[in-house]
Amino acid sequence: MKHIDLIIVGGGPIGIACGLEAKKKNIDYLILEKGPIVNSLFNYPVNMQFFSSSEKLEIDGIPFISNEAKPKRNEALEYYRRIVTSNDLSINLFEEVITVNKQDKDFHVTTNKEQYIATYVIIATGFYDIPNTINVPGEELPKVSHYYKDPHFYAKQKIAVIGASNSAVDAALECYRKGAEVTLLVRGSEIGKRVKYWVRPDIDNRIAEGSIKAFYNVTITEILPQSISIHTPEGDFSLANDYVLALTGYKPNFKFLKKIGINLSEDEKLYPQYNEQTMESNIANLYLAGVICGGMDTHIWFIENSRIHAKIILNNIISKK
C-alpha cells in the first residue's frame, strides 16, 4: 500500500483548496476525485450562472476574472482547472473512493484503482451526486431525469419541470426559450424564496402571461410514457408529456459517511458530527469540509463560505504534527 500523510476525498473547489493549503504547509497529500476536475461543476447545466460573484468563488486568493460579475459554469471550470494544473496539485482523477477504514492510528483507503494508508483524511465530497427522488410510479422511466444539461434537447417537446428552486426555474426558462412547451410543477404555494433575484421577475412574468404553465401545491401521482398525473387543490389532472425534469434537489452521500463511521444527527437533517473549531469529525484525524457539513440543509455551506475550511483543517493538522 502507498502511504500518504493526507488523503483528500473530493476534487471540487473545497478539495482543491485543501490541496493548495497542504502543499503550502509541505504536507504529503493526494486528492482523489471520482470524475474530472470539479466533477460536480462539470455536470451543472451548460448555461448555469452562479449566484456568487467571482471574487467570492476564489480560493487561496487566486484572482477569478470573469466576463460578468457573476461567472458562468464554463468560466468556473477554466478557473479551477488552471489552479490545479498551474500549481501542479497532486490529484488522481476518475478514481473513486470505495471505503475508508481506520485501523489503529492510520486510515486504510480503498479506491476502484488502488489502496492507500493515510494518517489524516478530509472528506469534501459535496452533495450533487445523489438526487432527492419523488418516489412515485414511473419515476424510473427513461423520460425522467434528475439532472438537466442542455435546453436544445427539449426543443418542440412537452416537458414537466418539477421543483421551485434555481435549477428548476433556470431549466424552465431556458427550455421555453428553445421552443419547448413547459409546465412547472411546484410542491409549495410559490416559487422558492432563494431563486436568483435577477431571474425571479423573468419566471414570474412568463407564468403570468401564460408562456410557462404553472401548478402549485402539486402532488405527482404517476408518470406514464406519454403523460404525467398530478393532484392539486383544484382537482386531478393528466398532462400530455414527453419528458420530466425532476429537479427536486440533491443530498450528500450519507451511506458513505455512515460506512466510514461518522455520526449523523437522529432527525431528518442528518447533520454530521464535527468540531466547528477544527472541522474534525467524531473520528480522530478525519475531517469534513464544504457542503456536506450541513447534512440535508445543503444551502448552509457553499463555496464562498466554506473556503475557510481548508485553512482551519490544515492548521489543526500542523498543530498535531
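Q: Which residues of helix 8 are buried, and how wide an arc do they cover around the axis?
A: This is a predicted model, in which local features need pLDDT of at least 70 and side-chain atom pairs count only at pLDDT 80 or more, while totals for chains, interfaces and linings use all residues. Residues are numbered from 1 along each chain as its sequence is written, and side-chain values use heavy atoms, with hydrogens and water left out. In helix 8 the buried residues (under 20% relative accessible area, against over 50% for exposed and in between for partly exposed, with a 1.4 Å probe and protein chains only) are H309, A310, I313, L314, N316 and I317. They lie on the same side of helix 8, because the directions from the helix axis to their C-beta atoms cover an arc of only 155°.

Q: How far apart are the end C-alpha atoms of helix 8?
A: Helices here are DSSP runs of H or I with at least four residues, strands are runs of E with at least two, and both are numbered from the N terminus. The expected span of a helix is 1.5 Å times one less than its number of residues. Helix 8 (residues 308-320) has 13 residues and should therefore span 18 Å, which agrees with the separation in the model, 19 Å.

Q: Which elements do the buried residues of helix 3 pack against?
A: Helix 3 (residues 73-86) has 14 residues and reaches 20 Å from its first C-alpha to its last, close to the expected 20 Å. Its buried residues are R73, E75, A76, L77, Y79, Y80, I83 and V84. Taking contact as heavy atoms within 4.5 Å, these residues pack against helix 1 (13-24), helix 2 (39-42), strand 3 (91-92) and helix 7 (303-306).

Q: Which residue follows helix 5 with a positive phi?
A: In helix 5 (residues 200-209), D202, I203, R206 and I207 are buried. They cover an arc of only 125° around the axis, which puts them on the same side of helix 5. Their packing partners are helix 4 (166-177), strand 10 (181-185) and strand 11 (213-215). After helix 5 comes a residue whose phi is near 90°, and this residue is G210.

Q: How far is G249 from Y128 in space, C-alpha to C-alpha?
A: G249 sits in the loop between strand 15 (243-246) and strand 16 (250-251), and its relative accessible area of 22% makes it partly exposed. Leaving aside residues up to four places away in sequence, G249 touches P131 and N132. Although G249 and Y128 are 121 residues apart in sequence, their C-alpha atoms are separated in space by 8.3 Å.

Q: What distance separates the C-alpha atoms of D242 and K255?
A: D242 belongs to the loop between strand 14 (235-240) and strand 15, and at 31% relative accessibility it counts as partly exposed. Not counting residues up to four places away in sequence, D242 touches K143, Q157 and K158. K255 is 13 residues from D242 along the chain, and the separation of their C-alpha atoms is 33 Å.

Q: Is E276 buried or exposed?
A: E276 lies in the loop between helix 6 (254-260) and strand 17. E276 and L288 are 12 residues apart in sequence, and their C-alpha atoms are 9.9 Å apart in space. The relative accessibility of E276 is 60%, so this residue counts as exposed.
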